[in-house]
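Hello,

Here is the structure I promised to pass on to you. Please open it next to this email, and then read on for what turned up in it.

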Amino acid sequence: MAINIERAVDFAVTYLSDMNDIDENKIDDFVDKQMNKLLDILYKEKANEIEKTKIKKIIKTRLSHYVLKTDSVLTSNDFKSWFKKDKEKFDFKYWHRYSKYLEYNKHFSKRIIENIDDVTDEITDLLGNPQDLSEFQRRGLIIGDVQSGKTANFIGLMSKACDVGYKLIVVLAGTEEKLRTQTQSRIDEGLLGTDSDKKLFGEFERIGCAKYSDDAFSAVNVTSKSRDFKKDIANTLGLKLNQTQEPIIFVIKKNVTVLKNLNSWIKSLNQTNENGKIDSSLLLIDDEADYASINTNKPENDPTKTNERIVELLSLFSKNSYIGFTATPYANIFIDPDSEDEMGNSNLFPKDYIYCLDSPTNYTGARNIFNDEPSQLLKTIESFDESINDEYSIHNILPISHKKDANFDEVPSTLKEAILEFYLGNTIRDLWGDTKSHRTMMINISRFVNVHEKIRHTVNKYINSLSRSIILNSKLENGLWQNDPYMMNLYNIYNSEFKKICEDKQYAENNTHDIVTWDNIREHLYESTAEIVIRVVNQKSKDSFDYDMHKDGLRVIAIGGIGLSRGLTLEGLMVSYFFRNSIAYDTLMQMGRWFGYREGYLDLCRIWMTDEMQECYYAINRATEELRESIILYKNSGLTPMDFGIKVRTDNNLLITARNKMRTAKEELMECTLSSKIIETPFLASNKETIACNFNTTISFIKQLMLQKSLTCNKAISSAIGFLNVSFENITKYIEKLYLPQANLEYQNHALVTFIKENKDKLSLWDVALIQGNGENIDLTTGNIVNSNKGNYISKMCNREIDIKPNTELIRISGKRRRVGGPSDGLFGLEKKIDAKSQIACFDTENRRPLLCIYFIEPRITEKNINNEERLDLAKHVIEISKITPLVSISVGIPNLGKKEKYIKYAINKIEQGLKQLQFDFEGIENDDD
């Protein structure tokens, strides 16, 4: 009898996570020698050799995931660390049991848990210190990806906030009760350690994290899974902040009445100090912070009521920290940063810090799907023009713009195909051994509640007919199943969509799957699809939609509109059918429930949308990545979000967010071309690994060119040596492999490569110059620094003064001037000619090829120019590294391409508007970045 593979893997991962330096040999050794003994004791089952092989591969995949951290926090250089500086003083009882819960209950790998630990350390440090005697108002924003696990991070943050002494923690869990309930349930498991409903009535039952602590402690909850904040329940508890040892937790909706009642209840129970504030600490976590929290009214009007109540809640406390979590931060960055209420209470603009969360390697997000490469996940709903004569097109059955009384009396042909894909995907996953997990299909084609019910009725009729066909025909032999149209449709979709991955031996081996044939699928279709149900998700629906109630896995087709977005997790989402007409970045991204973790079944997932909507998502992804990069760009600048401007690309027909959230924004065209420009890279990373990587990449690039071309030198024109007529492919491959910090504002790796490729007709051939200086010699064939200057493959390093950029660990070449090259560097590759009129010798620049200059840099320092001891020590360390591994910098020169300038439209926030005005007012004044 086959064992429960999932249970065996979960057990093994939990056991192995306690080992140090886990590797593949230790995994193999455990599975081969120990696992069966333990499984036999616990579950009376043993794995055979084939099952062991599968278990090993799944374990190795699961334990291999990690987070590639960019350390992208933006805060002021005068910020004083308090938490990380004195971390050893705190008793982390909440955090320790939460980390064990993630490890043993949620089966997170140790590397992922370590990342959550590091991230929550950094964010806790950015909060105000609740033990501080002075008052504070901290405002911050955490940007994550849609469906990437923000909740796991903020429960970790809540755990550490409890450990450091925050007395009151309020979580604003969206505007929908289903989402609030889902969030409360996760907090019950990860923080409270008990069922919140039972605990309100004095019954403490250990669940989740509480199982990993000998001590029975719990934060005080005033809300529960079935109850938002209610005054009568709160009054029976009679809580005062100065009378409880443990912190008090609220999980509430962003609702005016709930917030008003909460504020008045808090005021009635707690005394205020001479400043009229409660002398205690509040942490307010705002999930989906761009939605409902923002004041969208005009400046001359009163703020929106929800915003007013949130600000009022914060203002009640002498020490308050507000932290917003969102994947779509557009509305937050367009808050007017200068607005305050009449009491001087600050608004929700993230004035103190912005932090970009990084997603694990097994996360599938917009950057994975909507990038330059075509995605097999995307399926196209026909355009309106193509559907004119097709009565089964969704455009004719339910136009994208329709009223609340619209009919839906036929399942469109593309939706039928999507449903059949879901049926096949369920069956294939079962045959792959993944039998107990949740599976979901999403249908989001209307915002109207009445239409949702009509969709349910019509889809239900179709799947009933489909199920009858499967019962009667799927197991017929001798090809008799081919007489049934439903079975033939399933067969055709299997051949076109899934056959390649199902029957490929190498794919099966790499992914620990069995090979699956159409006949296997036919045999199991009924068992795998019989339990598929339909659920409607909206404010009025009474449908039960609790995955936790289905321990063997819920298989569901979810129909809805706004209820299917904004934080609601659709577990095991496989097929999405999306036909909506929103044109706002944030709304569309939040509707993208298909982003997330699809480990083991990503190749079975499908996303249906129109070609036009796919274009929208490509545009949104490009704009969002630019926004993240701009925030990361300033992370080492020592600036706060109050000091630098943020712009969001709008060169498409989409809105960034609702117009009333962008009253302070201003649209502006910005030049975006590299024609006739020279781009230098004066900032370099100071760590040994990056220096070595860039140097080795450069030597390999040069060796490759030496195999193709002769090393050229024309000392009558330039002292540089190099190569002529190098293909642009060689250039872009080299540039892509270099790591040069984004502090090089004009040099942005991806943008440069894209520009070269877009203009490859005029940038097809390049010259590559190795700029010569007066430093030590490098043997280009070995990469070694040598004493001899004899030979054909010797390059001399360039001496350059360096220091360390303030508030960073970045090497800065030539100090404040930030110059790498000299005026004659661009002469390489040119030829002299005689001017026809003047008869004077000059250089022929008419046919100038683009030029890549490479600098091997021998750095030097002048100690008096570095007035900071830490920066001086780091600079000296760089000098020592360079004696073995030279620094590498580059510059790129693009000739005049004879094109009109290309402009991109951006929306810029109020701070960026002010900075641009300052730039205009003080044009010509030298900028001193020290």
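Of the 930 residues in the protein chain, 55% count as buried; buried means under 20% relative accessible area, exposed means over 50%, and partly exposed is anything in between (1.4 Å probe, protein chains only). Before you go further, note that this is a predicted model, in which local features need pLDDT of at least 70 and side-chain atom pairs count only at pLDDT 80 or more, while totals for chains, interfaces and linings use all residues. Residues are numbered from 1 along each chain as its sequence is written, and side-chain values use heavy atoms, with hydrogens and water left out.

The chain holds 27 helices and 33 strands. Both are DSSP runs numbered from the N terminus: helices are H or I with at least four residues, strands are E with at least two. The protein chain exposes about 42500 Å², and carbon and sulfur atoms supply 47% of that area (Shrake-Rupley method, 1.4 Å probe; for residues, only the protein chains shown count as cover). Among contacts with a separation of 6 or more, 78% come from residues 24 or more positions apart, where contact means heavy atoms within 4.5 Å.

Lys 150 sits in helix α7 (residues 150-164) and is buried, because its relative accessible area is 10%. Leaving aside neighbours within four places in sequence, its contacts include Asp 145, Asp 287, Phe 325 and Leu 357. Leu 357 is 207 residues away from Lys 150 in sequence, yet the two are 8.3 Å apart in space, C-alpha to C-alpha.

Next, a pair of helices. The axes of α24 (residues 728-737) and α25 (residues 749-758) come within 10 Å and cross at roughly 170°. Therefore α24 is roughly antiparallel to α25. Axes are lines fitted to C-alpha atoms, for helices over the stretch in contact, with angles from 0 to 180 degrees between N-to-C directions; under 35 degrees is roughly parallel, over 145 roughly antiparallel, 65 to 115 roughly perpendicular, and the rest oblique. On the α24 side the contact is made by Phe 728, Thr 732, Ile 735 and Glu 736, and on the α25 side the residues include Leu 752, Val 753 and Ile 756.

Now for charges. How many salt bridges does the count come to? There are 42 salt bridges, each being a side-chain nitrogen of Lys or Arg within 4 Å of a carboxyl oxygen of Asp or Glu. Here are some to find:

- Lys 305 and Glu 308 meet at 3.6 Å, N to O, and both lie in helix α12 (residues 305-315), three residues apart, about one turn of the helix.
- Lys 436 and Asp 552 meet at 3.8 Å, N to O. This pair links distant parts of the chain, 116 residues apart. Lys 436 is partly exposed at 35%, whereas Asp 552 is exposed at 52%.
- Lys 883 and Glu 880 have their closest N and O atoms 3.1 Å apart. Lys 883 counts as exposed at 54%, and Glu 880 as partly exposed at 46%.
- Lys 379, Glu 417, Glu 421, Glu 497 and Arg 606 are linked in a network of salt bridges.

Ile 41, Leu 42 and Tyr 43 make a nonpolar patch of about 300 Å². Patches are made of residues with over 30% relative accessible area and no salt bridge, joining like charges within 9 Å and nonpolar side chains (Val, Leu, Ile, Met, Phe, Trp, Tyr) within 5 Å. Tyr 43 belongs to helix α3 (residues 35-43) and is partly exposed because its relative accessibility is 32%.

Enjoy exploring!
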